[in-house]
Amino acid sequence: MNSSAIHWNNIYRNTEDEKLGWYEQDCSQTMSFIQPVSLSNKSQVFIVGAGASSLIDELHELGCRLIVNDISSEALSLLKSRIGENNATFLCGDISTPFSSPFTVDLWLDRAVLHFLLTDSEIQGYFDNLKASVKSGGYVMLAEFSKAGATKCAGLPLRQYSIDDMRGYLGDEFKLISQLEHTFINPFGDEKPYIYGLFQRTAQKA
């Protein structure tokens, strides 16, 4: 088990969901932002670094077909016990390394994961996976700490993002649909500036 997995397993093993600094009780901000995707029970959604997010519960209630990723097996165990092991596909692993089995999705959803990847190779691996998975016409939602946001979270350094950064990594085949600067108030009352970007793939994958 790599050091990142150990770090996150310790957090999810020893901290209640509501005391996690990124915990979002009310997911209406994200759900409203992805409204243009028009999710249904036919939609396949990939959630990056799902953790113990209540966003999973809302997507499950919509009937979406969920593929749930996290580097922490502890986090995924919590999700399995909450929504049921048969109600999603659970992938435990580092999002910057290649998937063992390919899949295609209507929506790639990342709230607060990409900004933990620091090296060029990790970021490239992340976007290689994204581009291999999002179908033509599919969507990508990235919500990361903005340039005005925090520089550390969960004891780890972060890479801050702008919309131009996101566009640069996604490339010309992804069209920006909407963007939003959003200040998240965490469970401790701290303000955390995020940048949200919703993109749609307009070109066929190679």
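This is a predicted model: local features need pLDDT of at least 70, side-chain atom pairs count only at pLDDT 80 or more; totals for chains, interfaces and linings use all residues.
Residues are numbered from 1 along each chain as its sequence is written, and side-chain values use heavy atoms, with hydrogens and water left out.

**Helix α1**

Helices (H or I, at least four residues) and strands (E, at least two) are DSSP runs, numbered from the N terminus. Helix α1 covers residues 3–14. At 1.5 Å a residue, its 12 residues should span 16 Å, and its end C-alpha atoms are 17 Å apart, which agrees. The expected span is 1.5 Å times one less than the number of residues.

The buried residues of α1 are Ala5, Trp8, Asn9, Ile11 and Tyr12. Seen down the helix axis, they fall within an arc of 160°, so they line one face of α1. The arc is that of the directions from the helix axis to the C-beta atoms. The cover over these residues includes α4 and β7 (156–157). Contact means heavy atoms within 4.5 Å.

**The sheet**

Seven strands form an open sheet with mixed pairing, in the order β3-β2-β1-β4-β5-β9-β8. Its edge strands are β3 (89–92) and β8 (174–185), and each pairs on one side only. The twist averages 15° from one strand to the next. Two strands pair if DSSP finds at least two bridges between them.

β1 and β2 are parallel, over 4 bridges. Phe46 has Ile67 of β2 as its bridge partner. Of the 6 residues of β2, 5 are buried, so this strand is largely enclosed by the rest of the structure. Strands β5 (residues 134–145) and β9 (residues 191–201) are antiparallel, over 7 bridges. Ala143 stands opposite Tyr196 in β9.

**Helices on the sheet**

Helix α5 (residues 120–133) packs on the sheet and touches β1 (44–48), β4 (105–111), β5, β8 and β9. Its direction makes about 145° with that of β5. Helix α4 (residues 73–83) lies across β2 (65–70) and β3, at about 170° to β3. Axes are lines fitted to C-alpha atoms, for helices over the stretch in contact, and angles run from 0 to 180 degrees between N-to-C directions.

In α4, Ala75, Leu76, Leu79 and Ile83 are buried. Down the axis of α4 they fall within an arc of 95°, so they line one face of the helix. What covers them includes α1, α3 (55–61), β2 and β3.

**Cores**

A nonpolar core is a set of buried Ala, Val, Leu, Ile, Met, Phe, Trp, Tyr and Cys residues joined through side-chain atoms within 4.5 Å. The largest has 43 residues. Ile34, Leu59, Leu66, Val68, Leu107 and Met141 touch the most other members. Beyond its neighbours within four places in sequence, Met141 contacts residues including Phe33, Ile34, Leu107, Tyr196 and Leu198.

**Single residues**

Most residues other than glycine have a negative phi. Ser38 has a positive phi near 55°, and Ala154 has a positive phi of about 55°. Ser38 sits in the loop between α2 (28–33) and β1. Ala154 is in the loop between β6 (152–153) and β7. Lys42 lies in the loop between α2 and β1, whereas His60 is in helix α3.

| Residue | Relative accessibility | Class |
|---|---|---|
| Ser38 | 56% | exposed |
| Lys42 | 65% | exposed |
| His60 | 27% | partly exposed |
| Ala154 | 25% | partly exposed |

Leaving aside neighbours within four places in sequence, Lys42 is in contact with Arg65 and Asp106. Lys42 and Cys64 are 22 residues apart in sequence and 6.4 Å apart in space, C-alpha to C-alpha. With the neighbours within four places again left aside, His60 is in contact with Leu66, Ile83 and Asn87. His60 and Leu198 are 138 residues apart in sequence, and their C-alpha atoms are 21 Å apart in space.

Notes:
Buried means under 20% relative accessible area, exposed over 50%, partly exposed in between (1.4 Å probe, protein chains only).
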